[in-house]
Amino acid sequence: MERIIYKIVLNVAGKNAYHALSAKQYDNGARLVQAVITNNGTPICIRATDTIMANFYRPKFSTDEKQSDYSRAVMCELVDGDNGIVQFPMDYWAVERSGELSVDVSILTDSNPPERLTTAAFTVTVFPATNYTSESLAGESYDALLDIFGSVSAYKQEITSMAMDVVN
């Protein structure tokens, strides 16, 4: 399958100088972001021992305070440390919902104490799928699983509370 690679420059010292990226809802495994991490245009050297993470945030669709805040981190691949080039996937979680997705990249050193440096955020607009059949995606949605785990946790607390009332 053809892979779409977005090549961008991300700045740690100010705004990023480009337009928002776009993706199509449910395009799983086909889109990658390759970013050059810079300090005002000068690439930052990234060591092989550093941890690089892409941090995703998408807005809530629910007013339920118990639901996830819809943030997630994905490990990045170091492509060229001397020139500050990293790469990460736009995986199913990132494109399962249409709308605006905010993304930034963090570099965490292995020093003691660890240091963290994060780029300015950029936006990915996920356009709604025109036609979608769930047959093509075997796994369940990440958010549906979170809802199930939340329900189980609530039932566990309720049962524990009832058992404590019986004991007391």
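The following paragraphs lead through the structure, from its overall make-up to single residues.

The structure is a predicted model. The protein contains two helices and 11 strands. Read from the N terminus on, its elements follow the order β-β-β-β-β-β-β-β-α-β-β-β-α. Of the 168 residues in the protein, 33% are buried. The accessible surface comes to about 10,500 Å², and carbon and sulfur atoms account for 54% of that surface. Contacts across the sequence can also be counted: among those between residues at least 6 apart, 68% join residues at least 24 apart.

Strand E9 covers residues 99–108. With E5, strand E9 pairs in the antiparallel sense over seven bridges. With E11, strand E9 also runs antiparallel, and five bridges join the two. Within this pairing, Val103 has Phe122 of E11 as its bridge partner, and Gly99 stands opposite Val126 of E11. A further partner of E9 is strand E10, made of residues 116–118; these two strands pair in the antiparallel sense over three bridges.

Is Asn55 buried or exposed? Its relative accessible area is 16%, and a residue counts as buried under 20%, so Asn55 is buried. The bridge partner of Asn55 in E9 is Asp104. The side chains of Asn55 and Asp104 are also joined by a polar contact of 2.7 Å. A second polar contact, of 2.9 Å, links the side chain of Asn55 to that of Ser106. Leaving aside residues up to four places away in sequence, Asn55 touches several others, including Arg72, Ala73, Val103 and Arg116.

The side chain of Arg31 makes a polar contact of 2.8 Å with the side chain of Asp27. Which residues does Arg31 touch, not counting residues up to four places away in sequence? They are Ile4, Tyr6, Ser22, Ala23, Lys24, Pro89 and Met90. Moreover, Arg31 and Phe88 are 57 residues apart along the chain, yet their C-alpha atoms are separated by 8.9 Å.

Aromatic rings form another theme. The whole structure holds three aromatic pairs. In one of them, the rings of Tyr26 and Tyr92 have centres 6.3 Å apart and planes at 25 degrees, so this pair counts as stacked. The pair links distant parts of the chain, as Tyr26 lies in the loop between E2 and E3 whereas Tyr92 lies in helix H1 (residues 92–95), 66 residues apart. Ring pairs also link Phe56, Phe88 and Trp93 into a cluster. Trp93 has a charged neighbour too: Arg58 lies over the face of its ring, at 3.9 Å from the ring centre.

Finally, some features of the backbone may be found in the loops. Tyr26 has a phi near 75 degrees, a positive value in a residue other than glycine. With a relative accessible area of 22%, Tyr26 is partly exposed. Asn40, in the loop between E3 and strand E4 (42–43), likewise has a positive phi, near 50 degrees, and is not a glycine. Asn40 has a relative accessibility of 56% and so counts as exposed. Another loop, between E9 and E10, contains Pro113. The peptide bond from Asn112 to Pro113 is cis, with omega near 0 degrees.

Methods
Residues numbered from 1 in each chain as written. Predicted model: local features only at pLDDT ≥ 70, side-chain atom pairs only at ≥ 80, totals over all residues. Heavy atoms only, no water. Buried < 20%, exposed > 50% of the residue type's maximum accessible area, 1.4 Å probe, protein only. Polar contact = N/O pair within 3.5 Å; in protein donor to acceptor, adjacent residues only side chain to side chain. Contact = heavy atoms within 4.5 Å. Pairing = 2+ DSSP bridges. Helix = DSSP H or I, 4+ residues; strand = E, 2+ residues; numbered from the N terminus. Areas by Shrake-Rupley, 256 points an atom, 1.4 Å probe, with all protein chains shown as cover. Phe/Tyr/Trp six-rings, centres within 6.5 Å; stacked < 30°, edge-to-face > 60°. Lys NZ or Arg CZ within 6 Å of the ring centre and 35° of its normal.
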